[in-house]
Each structure stands twice: as structure tokens, then as C-alpha cells.
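Keep the sequence and the coordinates in view.

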Amino acid sequence: MSPEEKEEFRHRAAEEIARLELTIASLENDTQPIAPDVSLGRLTRMDAIQNKSVAEANLNAARNRLQRIKQRLDQLDSPDFQQCSVCRDEVPAARILYLLDAQTCLDCATN
Ligand SMILES: [Zn+2]
């Protein structure tokens, strides 16, 4: 990637990390244990448990994505940053800038 593309990557990654950290804080709040005597208003306890498990899945996904993007930021200056982890072809800069955590080319990602 060109220095400009790397700068763009840093910029986009920083924005995405900030966004994910907010999402994670909010989801952590939604995944607190549900007290048995809590007043749930019109929500039934089953709904609350259902919502909590959806929030837990989203929380895991957000944490994993945050981890991967931080990892990619650390690897940005490494010579094989753009190398597909499967076929070793070069992953297009546009794909990396769009997905931020892409480590494979489109062919390998879809096969
Ligand atoms: Zn590939």
C-alpha cells in the first residue's frame, strides 16, 4: 500500500475502534445478569433472556472484530501486510480499506 493508503487505513481503523469500543460498552451493559425479581415492565422474563443472549453474541462479535483490527494496525508496516493468508496473492488495498480486517483476497474469502 502507498503511504497515503496506510494513512487512510490508520484513520479508518481508529474510527472503527472508537465505534466498536462504544458498542462494546453498551452491550456489556445489556448483558448484565437478569435479577429474578427485576421489574421488566411489558417485557417478559423470557424476552429479557432472549435479548440478553442476542446481546452476548453481538458483544462477542464486536470484541473479536476489535481484536482483529488492532492486530492489523500492528501489522500495517510489515512487508506481508497485504499478502493473502491463503494463496499469498496481494489483497487489493481497496478491500483492506473497506473491510479493515481482511486477511484474504476475495477469491479465498468466498471459496
Ligand atoms: Zn487468496
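What follows moves from the helices to the core, then to the loops, the salt bridges and the metal.

The model is predicted. Start with helix α1, residues 3-30. Its 28 residues reach 40 Å from first C-alpha to last, close to the 40 Å expected at 1.5 Å a residue. Several of its residues are buried, including Phe9, Ala13, Ile17 and Leu20. What covers the buried residues of α1 includes α2 (45-75) and α3 (93-99).

Helix α2 has 31 residues, which should span 45 Å at 1.5 Å a residue. Its end C-alpha atoms are 45 Å apart, so the span agrees. Buried here are Ala48, Lys52, Ala55, Leu59, Ala62, Leu66, Ile69 and Arg72. Note that Lys52 and Arg72 are in that list. The cover over the buried residues of α2 includes α1 and α3.

Now look at the largest nonpolar core. It holds 19 residues, and Phe9 and Ile69 have the most contacts inside it. Helices α1, α2 and α3 each give two or more residues to this core. The largest share, six residues, comes from α1. Beyond its neighbours within four places in sequence, Phe9 is in contact with Met1, Arg72, Leu73, Leu76, Phe81, Ile96, Leu97 and Leu100.

Two loop residues deserve a stop. Thr31 sits in the loop between α1 and α2. Is Thr31 buried or exposed? Its relative accessibility is 15%, so Thr31 counts as buried, the cut-off being under 20%. Lys52, Ala55 and Leu59 are themselves among the buried residues of α2.

Leu76 lies in the loop between α2 and α3. At 1% relative accessibility, Leu76 is buried. Which residues does Leu76 touch, leaving aside its neighbours within four places in sequence? They are Met1, Lys6, Phe9, Arg10 and Phe81. The C-alpha atoms of Leu76 and Lys6 are separated by 7.3 Å, though the two are 70 residues apart along the chain.

Asp77 pairs with Lys6, with the closest N and O atoms 3.4 Å apart. Asp77 is in the loop between α2 and α3 and Lys6 is in α1, so this pair ties together parts that are 71 residues apart in sequence. Asp77 is exposed at 55% relative accessibility, whereas Lys6 is partly exposed at 22%.

A second pair stays inside one helix. Glu7 and Arg10 meet at 3.5 Å, N to O. They are three residues apart in α1, so about one helical turn separates them. Glu7 is partly exposed at 46%, and Arg10 is partly exposed at 33%.

Arg68 and Asp101 form another salt bridge, with the closest N and O atoms 2.8 Å apart. Arg68 belongs to α2 and Asp101 to the loop between α3 and α4 (106-110), 33 residues apart. Arg68 is partly exposed at 34%, but Asp101 is buried at 14%. Salt bridges that share partners join Glu16, Arg19, Arg65, Arg68 and Asp101 into one network.

Finish at the zinc ion. Its protein donors are the SG atoms of Cys84, Cys87, Cys105 and Cys108, lying 2.3 Å from it. Along the chain they follow the spacing C-x2-C-x17-C-x2-C. The angles among the four donor atoms run from 106 to 118°, and the site is tetrahedral. Cys84 is buried at 0% relative accessibility, whereas Cys87 is partly exposed at 32%.

Conventions
Residues numbered from 1 in each chain as written. Predicted model: local features only at pLDDT ≥ 70, side-chain atom pairs only at ≥ 80, totals over all residues. Heavy atoms only, no water. Donors = N, O, S within 2.8 Å, 3.2 Å for Na, K, Ca; no water. Tetrahedral: all angles 85-135°; square planar, octahedral: opposite > 155°, others 65-115°. Buried < 20%, exposed > 50% of the residue type's maximum accessible area, 1.4 Å probe, protein only. Helix = DSSP H or I, 4+ residues; strand = E, 2+ residues; numbered from the N terminus. Expected span 1.5 Å × (residues − 1). Contact = heavy atoms within 4.5 Å. Core = buried A, V, L, I, M, F, W, Y, C linked by side-chain atoms within 4.5 Å. Salt bridge = Lys/Arg side-chain N within 4 Å of Asp/Glu carboxyl O.
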